[in-house]
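User: I would like to learn how to read features in a structure, one at a time. Please give the general idea, then the case at hand.

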Amino acid sequence: MLKNIRIVLVNTSHPGNIGATARAIKTMGISKLYLVDPLMFPHVKADEMASGALDILGNATVCKTLDEAIADCGLIVGTSARSRAIPWPHMLPREFAEKAMTEGESTEIAVIFGREQSGLTNEELHRCHFHVEIPSNPDYSSLNIAAAVQVIAYECRIATLKDLAKPAQDYPYATAKEMQGFYQELEKTLVSTTFLNPKTPRQLMTRLRRLFHRARPDMMEVNILRGILNAIQKKIV
């Protein structure tokens, strides 16, 4: 999916922002950078800010118009922090990333970022299927272009890793039956040590159940816990 996402910067005035953007997308696995009528590019400042992402700059596609940059894209989103006179289909970065995840294998996707001072024009935003807004602090919502790109690129990266992010597990979770056996042994041991008074149990076992349910021990861990309880019982006897 990431290979079909392109970051499009429109009319960028500061070359350092182009370099910082290259660095931001490379760290998240995105390699396509499109520049629409940049004020200064190539530029030494862009190279300095890229910090190891010179390959992204070197392969950047420079276009004269936005239409040229997005001509072959099937999904186009524009970033905007301002509300518009005509409401447009709107989504958050995470929603966009999930949509890109489902469409990105077969569709070229463009994410458009506007000028440092004024963003994208209404006409440019009308080229987009959706507008994406980063939910920043309403009292100070202005984001540097590279920072905004990083947020979007990060969400796209996370979307691709969902299947890989499952924690490794060598044993299956304990079943309800196994947990019930553990709770019975735990209660017996707590009574034997006088930690639990069966006449005034309060909510001790309920709270302990909640604790272990939250931990979700696996089969081996439950066996270890039951072994500990068994050793305690032998010492008591």
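User: How do α1 and α7 pack, at what angle and with what distance between their axes?

Analyst: Two packed helices are described by the angle between their axes and the distance between the axes. Helix α1 (residues 15–27) and α7 pack at about 15°, and their axes are 8 Å apart. Axes are lines fitted to C-alpha atoms, for helices over the stretch in contact, with angles from 0 to 180 degrees between N-to-C directions. Helices (H or I, at least four residues) and strands (E, at least two) are DSSP runs, numbered from the N terminus. α1 and α7 are therefore roughly parallel (angles under 35 degrees; over 145 is roughly antiparallel, 65 to 115 roughly perpendicular, the rest oblique). α1 passes α7 in a right-handed crossing. Right-handed means that the near helix is turned clockwise from the far one by less than a right angle; anticlockwise is left-handed.

User: Which residues of α1 and α7 meet?

Analyst: From α1 come N17, A20, T21, A24, I25 and T27; from α7 come I145, A146, V149 and Q150. Contact means heavy atoms within 4.5 Å.

User: What are the ground rules for these values?

Analyst: This is a predicted model, where local features need pLDDT of at least 70 and side-chain atom pairs count only at pLDDT 80 or more, while totals for chains, interfaces and linings use all residues. Residues are numbered from 1 along each chain as its sequence is written, and side-chain values use heavy atoms, with hydrogens and water left out.

User: How do α8 and α9 cross?

Analyst: The axes of helix α8 (residues 176–192) and helix α9 (residues 204–215) come within 11 Å and cross at roughly 135°. That makes α8 oblique to α9. Their contact involves residues including F182, Y183 and L186 of α8 and L208 and F212 of α9. The crossing of α8 and α9 is right-handed.

User: How many residues are in the largest nonpolar core?

Analyst: In soluble globular proteins, nonpolar side chains tend to be buried together. A nonpolar core is a set of buried Ala, Val, Leu, Ile, Met, Phe, Trp, Tyr and Cys residues joined through side-chain atoms within 4.5 Å. Buried means under 20% relative accessible area, exposed over 50%, partly exposed in between (1.4 Å probe, protein chains only). Here the largest core has 36 residues, and I5, I7, L9, L33, F96 and F113 have the most contacts inside it. Helix α7 (residues 145–160) supplies the largest share of this core, seven residues. Another core, of 15 residues, lies apart from it and includes V10, L66, A69 and A110.

User: Is R6 buried or exposed?

Analyst: R6 is buried, because its relative accessible area is 2%. R6 sits in strand β1 (residues 5–10). Its side chain makes a 2.8 Å polar contact with that of D72. A polar contact is a pair of N or O atoms within 3.5 Å; within protein, one must be able to donate a hydrogen and the other to accept it, and residues adjacent in sequence count only if both atoms are side-chain atoms.

User: Where does E108 lie?

Analyst: E108 is in the loop between α5 (93–103) and β6 (109–113). At 17% relative accessibility, E108 is buried. The side chains of E108 and K32 make a polar contact of 3.0 Å. Residues in contact with E108 include R6, K32 and D72, leaving aside neighbours within four places in sequence.

User: Which peptide bond is cis?

Analyst: The bond from F41 to P42 is cis, with omega near -5°. P42 lies in the loop between β2 (32–36) and α2 (44–50).
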